[in-house]
Amino acid sequence: MKLTVYDNAEQACISVAFKLAKLAEMGGSVALSGGSTPKLLFKIMAEKFRKADWNKLYFFWGDERLVPAESRQSNYGEFYRELIKPGIITGERVFPTDYIQDSTIALENIENKIKRYIPYHSGFPRFDLIILGIGEDGHIASIFPNNLKSFESKKVVELAYHPVNQQERITLTGSTINNALEIIFLCTGDGKKEIIYDIIENNNSNLPATHVAPQREIEWCIDKLAAQNLIHV
Ligand code: 6PG
């Protein structure tokens, strides 16, 4: 495990954007995290890495809320507004989860897209990189601490429901997450200091992040605020 503590969220996102730009040069594949943290990452990709080979990179998401892309809740929606709409990325290799009322069809559609563009190894799609955020409750993608069975699922993707608002989502399973070559945890902000401590120092097995074990390397890209409770850094 490689852990880097950056002065601030911007520096953490610049580091991740640089890694994505290198992966783009190789025509690799990535599953992006959702939530609010990637909004800064997308802004940095647009402003500081505008000329990277983004159109060579295969973009998927680790999870998506089943809402229209226009919704501020959509993980893809933010990427579209920051990178596709301004014409920085054309979108031919960007594969959002399509919003369809019938979630089982949406699930089938995204699994078919993954099957078509992501090579399989050991029976599962192998992303070159999966970026994961961490919720304050310790969830990753849309795998929540009270539902580790969707981490252990032998499917590629699963339907999931936010435990508080029951929002319907689609998530990569732990089988797919752990089949990735590399995982980056991108986690910033004061609000994450407790959960980061519980994962990294306590190795609390109730938390899905402690079960993440990719084929090659886990890298933690966190800022000083998220790292402030850590003792061994
Ligand atoms: C989602 C996510 C989720 C997110 C974490 C962190 O769709 O909600 O993919 O796993 O990465 O909740 O979210 P923030 O970046 O908003 O803290």
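Asn 203 has its place in the loop between helix H7 (193-200) and strand E11 (217-223), where helices (H or I, at least four residues) and strands (E, at least two) are DSSP runs numbered from the N terminus. The phi of Asn 203 is near 50°, a positive value in a residue other than glycine. Most residues other than glycine have a negative phi.

This is a predicted model, in which local features need pLDDT of at least 70, side-chain atom pairs count only at pLDDT 80 or more, and totals for chains, interfaces and linings use all residues. Residues are numbered from 1 along each chain as its sequence is written, and side-chain values use heavy atoms, with hydrogens and water left out.

Ala 141 also has a phi near 50°, again a positive value in a residue other than glycine. Ala 141 lies in the loop between strand E7 (129-132) and helix H5 (149-152), and Ala 141 is buried, with a relative accessible area of 12%, where buried means under 20% relative accessible area with a 1.4 Å probe and protein chains only.

Strands E7 and E11 both belong to an open sheet of six strands, which has the order E1-E11-E10-E7-E2-E3 with parallel pairing; two strands pair if DSSP finds at least two bridges between them. Strand E1 (2-6) and strand E3 (58-61) stand at the edges, each with a single partner strand, and therefore one side of each has no neighbour in the sheet.

At the E3 edge, four bridges join strand E2 (residues 29-32) to E3, and the two run parallel. Within this pair, Val 30 stands opposite Phe 59 in E3.

Notes:
Buried means under 20% relative accessible area, exposed over 50%, partly exposed in between (1.4 Å probe, protein chains only).
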